[in-house]
Amino acid sequence: MCTSELQGVLMNTFPGATLFGHTNGRSNGSILVVHPTLAPFVRPLTSSTRGTMGNVHECIAAATVTIPKEPTFHVFGVYVSGHDAKAREAVAASITPWLDAPAVFMGDMNHVQTQLLDSLGQRDVANWAWLRTQLSVTARAQPTLLDFFRLQKPLDTTLTRPQLTHDGTAKGSRIDYVLGTVHTRAWLPSSQVNVLQNQLGSDHRPVEFIKSIQPFTPPHNTINAVLRISEFSDAQLKKFHSLLDPISTLASLLPGNMASQSDEQVVEDAELIFDCLEIAARQVTGKGA
């Protein structure tokens, strides 16, 4: 599925959701999909000192998250082929400037860090030398990246890409990661990382990462109003779209302009969008309209 097709699905399923990144619909791509309740707080990743993060070799999708009452942090969706050395070099060069920032890198890295724990029955173990260095403790340096799954589950041998041979023998590897810079170490006690068992039509298992945050405005009734969208009938969804049509142009412009706005302005715009979403949802459901 190419990027435009994904955008169409999102528009029909989750009005107000935001998509970052790109896929060519065939082999390469990395996409970040932001739920409507968080979309107003997420902007494209840019920096006057580190540069603007593009979709390097169709391998990186990146965004900055500014949630009220929380320090700003950056999220990278990463896909790195195990057979494309140039792509690996380009991704490593693009990520390196962000290793001294609060950032999390998630995705298919095609890398096995520890053969004993992260590989089963594999003759050729996937290896990304740059990533191995970032995750390793040496006599001269500490890791620059934290493997959230391994730190929370030191002896867990769950694989993210399980396979069966022709004779039914199990094999596979853990090549999908949630990695944080040292500036995210404080997240560890209140975060969760799980490898889900349902592969959802993929040859990889999803890796779930849950980060706790402080409660913030808009209040829970606003969030619940947005979440009820998934329960709308086709007729209700059509009415919801029509009610939001007057602000659709404004909402579509916000992500692209957030990079030049202050954090305070981002929050103010987000709260305005939330107000509109809640009013429209309540009019559709007839609850407190």
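Colleague: Why is E11 called mostly covered?

Modeller: In this predicted model, local features need pLDDT of at least 70, side-chain atom pairs count only at pLDDT 80 or more, and totals for chains, interfaces and linings use all residues. Residues are numbered from 1 along each chain as its sequence is written, and side-chain values use heavy atoms, without hydrogens and water. Buried means under 20% relative accessible area, exposed over 50% and partly exposed in between, with a 1.4 Å probe and protein chains only. Of the 6 residues in E11, 6 are buried, so the strand is described as mostly covered.

Colleague: Which residues of E11 point one way, and which the other?

Modeller: Asp176, Val178 and Gly180 point one way, while Tyr177, Leu179 and Thr181 point the other way. In a regular strand, side chains alternate between the two faces of the sheet.

Colleague: What makes E6 and E11 a pair?

Modeller: Two strands pair if DSSP finds at least two bridges between them. E6 and E11 have 5 bridges, in the antiparallel sense, and therefore pair. Methionine 106 has valine 178 in E11 as its bridge partner.

Colleague: How many bridges join E8 to E11?

Modeller: Strand E8 (residues 145–147) is joined to E11 by 3 bridges and the two run antiparallel; aspartate 147 has leucine 179 as its bridge partner.

Colleague: What is the largest nonpolar core?

Modeller: A nonpolar core is a set of buried Ala, Val, Leu, Ile, Met, Phe, Trp, Tyr and Cys residues joined through side-chain atoms within 4.5 Å. The largest has 24 residues, with Phe76 and Phe105 making the most contacts inside it. Among the elements giving two or more residues to this core is strand E11 (176–181).

How values were computed: Helix = DSSP H or I, 4+ residues; strand = E, 2+ residues; numbered from the N terminus.
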